[in-house]
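Keep the coordinates open as you read.

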Amino acid sequence: MESHGEAAARRRIMDWVRQRAEANGGFLHRVELLSYRFDGEKLPLIDYSRGIRNPRAFASTLSIVASASGPYDDVESDDGLLHYAYRKGDEWSGDNRKLRSAYETGQPLILFRKEQPNIYTPVMPVYVVDDRPDQRSFTIALDESFTFVPDVRHLTDAQRRYARRLARQRLHQPAFRTRVLVAYNTSCAVCRLRHGALLDAAHIVPDSHERGAPTTDNGLAMCKIHHAAYDSDMLGVTPDYEVRIQLDLLNEIDGPMLKHGLQEMHGRQLTVPERRKDQPSRDLLAWRYERFTSSG
Ligand SMILES: [Zn+2]
C-alpha cells in the first residue's frame with residue numbers, strides 16, 4: 001500500500017474504531033476488533049496472539065496492545081510518555097522494523113489498552129516519538145505535538161506536566177470509564193438506561209482529590225443527566241445506596257424530564273455490580289454524601 005493510501009486507510013480505521021467505541025461506552029470487544037473488514041476484506045485490528053498488529057499491506061504498525069495491570073498502565077513512565085519494549089528477536093526486522101517505520105514516517109497508530117480479557121479501550125492517535133536501542137524500547141506519545149519536540153529524552157518541566165495531563169485525560173479517564181461501565185453491565189446505576197453512548201463513569205470522590213482514585217469502588221456508572229445532577233449536588237447517593245433528590249428540586253413543577261428523570265428517582269435503590277470489589281465504597285459515598293447534604 002502506498003504511503004498516502006496507508007494514511008487514508010488509517011484515518012478510516014480510526015473513525016470506525018471511534019464510532020464503535022462511542023456506541024459501546026468507550027471500549028471495544030475483542031471479537032469486534034478481530035472481525036473488522038476494510039472494503040470487504042478481513043483486516044483484524046489486533047493480532048490474534050501478539051500485542052502488536054502489523055498488517056502485511058502496511059509499512060508501519062497499525063496498533064499495539066498495552067495490558068493493564070492496575071489502575072495505571074504498566075508501560076507508562078513518570079514523564080507521561082509510554083515505553084514500549086522491542087519485540088523479541090532481531091531488532092531490525094519484523095515487528096520492530098514496522099514500529100520503527102511508524103517513528104520515521106510519523107504515521108499515527110492505535111493503542112489498545114486491555115482492561116480485562118476481551119475488553120479494549122482505544123487511545124488514538126498515538127505517535128512513536130523515539131527509538132531507544134540502548135533500552136530496547138520505543139517511546140510513545142499521546143499527542144502529535146511531541147513529534148516536534150527535538151529531544152523527548154529531556155523534557156522541560158512544562159512539557160512533562162503537559163504529557164502527564166494528557167495521560168490523565170486520554171488514558172486514565174477513558175480506562176476508568178471502561179472499567180466502571182463494564183462492571184455495571186453498561187447500565188445507569190440510578191435509572192438503568194442501557195445506552196453506552198449516553199453513559200459516563202462518575203467519580204464518587206473527584207479525581208482532583210487525594211482519595212479520588214480511578215478504581216471501580218470510587219465510580220458509579222451514570223447516564224449523562226444523572227452524572228451532571230450528581231456532580232452539581234442535585235442528586236445524592238447515601239452510603240446505603242439510596243438515591244436522594246435535592247429538596248428544592250422535589251418541590252419544583254416542570255416537564256417530564258424533571259418529573260420522571262429526577263423526582264421519581266428519589267428514594268430509589270442504586271443498582272450496583274454483583275462483584276463485591278466493584279461495588280461503590282460506602283466510605284467514599286459517605287464522604288461525598290456529606291457534600292450533598294451541606295449544599296442543599
Ligand atoms: Zn440515569
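Ala201 is buried, with a relative accessible area of 12%. Buried here means under 20% relative accessible area, exposed means over 50%, and partly exposed lies in between, using a 1.4 Å probe and protein chains only. Ala201 sits in strand S10. Helices (H or I, at least four residues) and strands (E, at least two) are DSSP runs, numbered from the N terminus. Leaving out residues up to four places away in sequence, Ala201 touches Phe176, Arg177, Val180, Leu181, Leu220 and His227. Contact means heavy atoms within 4.5 Å. The C-alpha atoms of Ala201 and Thr216 are separated by 9.1 Å, and the two residues are 15 apart along the chain.

This is a predicted model: local features need pLDDT of at least 70, side-chain atom pairs count only at pLDDT 80 or more, and totals for chains, interfaces and linings use all residues. Residues are numbered from 1 along each chain as its sequence is written, and side-chain values use heavy atoms, with hydrogens and water left out.

Next, the packing. A nonpolar core is a set of buried Ala, Val, Leu, Ile, Met, Phe, Trp, Tyr and Cys residues joined through side-chain atoms within 4.5 Å. The largest one has 34 residues. Those with the most contacts inside it are Val190, Leu220, Met222, Tyr230, Leu235, Val237 and Leu270. At least two residues of this core come from each of H4, S10, strand S11 (219-223), H5, S12, strand S13 (243-245), helix H7 (256-262) and helix H8 (282-295). H4 gives the most, with five residues. Another core, of 28 residues, lies apart from it; Leu81, Leu99, Leu142 and Leu166 are among its members.

Now the metal. The zinc ion has four protein donors: Cys188 (SG), Cys191 (SG), Cys223 (SG) and His226 (ND1). They lie 2.1 to 2.4 Å from the ion. Donors are N, O and S atoms within 2.8 Å of the metal (3.2 Å for Na, K and Ca); water is not among the atoms, so sites may look incomplete. Along the chain the donors follow the spacing C-x2-C-x31-C-x2-H. The site is tetrahedral, with angles of 92 to 119° among the four donor atoms. Four donors count as tetrahedral if all angles lie between 85 and 135 degrees. The ideal angle for four tetrahedral donors is 109.5 degrees.

Cys191 is partly exposed, at 25%. The structure holds zero disulfides, a disulfide being a pair of cysteine sulfur atoms within 2.5 Å.

The backbone has a few points to check. The peptide bond from Met124 to Pro125 is cis, with omega near -10°. Pro125 is found in strand S8 (residues 119-132). Arg192 is not a glycine, yet its phi is positive, about 70°. Arg192 lies in the loop between helix H4 (157-183) and strand S10 (199-203). Asp233 also has a positive phi, near 60°, in a residue other than glycine.

Charged pairs come last. Side chains of opposite charge can pair when their charged atoms come close. A salt bridge is a side-chain nitrogen of Lys or Arg within 4 Å of a carboxyl oxygen of Asp or Glu. By this rule the count comes to 22.

Arg168 forms a salt bridge with Asp207, with the closest N and O atoms 3.4 Å apart. The pair links distant parts of the chain, 39 residues apart: Arg168 is in helix H4, and Asp207 is in the loop between S10 and S11. Arg168 is partly exposed, at 37%. Asp207 is partly exposed, at 28%.

Asp233 meets Arg291 in a salt bridge (3.1 Å, N to O). Asp233 lies in the loop between H5 and S12 and Arg291 in helix H8, so the pair ties together parts 58 residues apart in sequence. Asp233 is buried, at 9%, whereas Arg291 is partly exposed, at 31%.

Terms used:
Four donors count as tetrahedral if all angles lie between 85 and 135 degrees; four count as square planar and six as octahedral if opposite donors are over 155 degrees apart and all others between 65 and 115; anything else is irregular.
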